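Please read it alongside the sequence and the coordinates.

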Amino acid sequence: MFPAKFSVCVVIPVYNHEHAIGVVVNSLRAQALPVILVDDGCSPACAQELDRLSALPEVTLFRHDTNRGKGAAVITGFRAAAKLGFTHAIQVDADGQHTLSDARRFVEAAREEPDAVICGRPVFDASIPKSRYYGRYLTHGMVWLQTLSFDIIDSMCGFRLYPLAATLDLIDHQHIGERMDFDSEILVRMHWRQMPMRWLDTRVSYPIDGVSHFRMFLDNVRMTTLHIRLTCGMLIRLPVLLWRKVARSKPTREVRERDANA
């Protein structure tokens, strides 16, 4: 059986972003990228807008009857993409915060490294509140601890391109958070599996429709639980992670010693 031909679509989880989603979809379609929309229990107004968009060429719509969370919507989109024959999927947010003209850069990077996760490294403009900008480093610090490395530059940016076969294999065999915890958890677990990652700078601004679904108490509790769970997972894997660090640094030390003796 021959491997599937390299083929990329875009998966967009949508929850009540009816004012921004049309701009997002049109930008991606202008780059000849097929779009999969996942209605995560949207309001009637947003559902109507998604129905309108789904009538456009190369736009497909899937629905959750109730709101299940961003991660669950992304997973639904990934499974649908694989069934439709796509090998890779770009994940973007529905609120217009990402620089969508960079999508083609992600595709070309994935074409060069088809087994890698292509991750957005956010470059924020002045619209991000300082409290949220610096607050992100709490999560960054925990992720660096959980991976014993600085390999994951930013685990919170939702602009990524995933190889679908490897990603769905991970989802099928490991617990992955289905709400706001999805973006961070999946990258940590991919790092534990030694999946290659490549980082591309991309500008990020605050949503064009001003809608945020981050629930201060519930989502902070969820993120705290996530980091406790991942830290426990790191401790279980500690011998393996430490061995990998030694194995990675050994060639570097050997080169230094060789150069010193030359």
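## Basis of the model

The model is predicted, so that local features need pLDDT of at least 70 and side-chain atom pairs count only at pLDDT 80 or more, while totals for chains, interfaces and linings use all residues. Residues are numbered from 1 along each chain as its sequence is written, and side-chain values use heavy atoms, with hydrogens and water left out.

Strand β1 covers residues 8-14, and seven of its seven residues are buried, where buried means under 20% relative accessible area with a 1.4 Å probe and protein chains only. Helices (H or I, at least four residues) and strands (E, at least two) are DSSP runs, numbered from the N terminus. Val8, Val10, Ile12 and Val14 point one way from β1, whereas Cys9, Val11 and Pro13 point the other way. In a regular strand, side chains alternate between the two faces of the sheet.

Two strands pair if DSSP finds at least two bridges between them. Strand β4 (residues 88-91) runs parallel to β1 and is joined to it by four bridges, with Gln91 as the bridge partner of Val11. Five bridges link β1 with β2 (residues 35-40), also in the parallel sense, and here Ile12 has Leu37 as its bridge partner.

## Ala116 in its loop

Ala116 lies in the loop between α4 (103-112) and β5 (117-124), and it counts as buried because its relative accessibility is 2%. Beyond its neighbours within four places in sequence, Ala116 is in contact with Leu161, Pro163 and Pro196, contact meaning heavy atoms within 4.5 Å. Ala116 and Pro196 are 80 residues apart in sequence, yet their C-alpha atoms are 4.6 Å apart in space.

Terms used:
Buried < 20%, exposed > 50% of the residue type's maximum accessible area, 1.4 Å probe, protein only.
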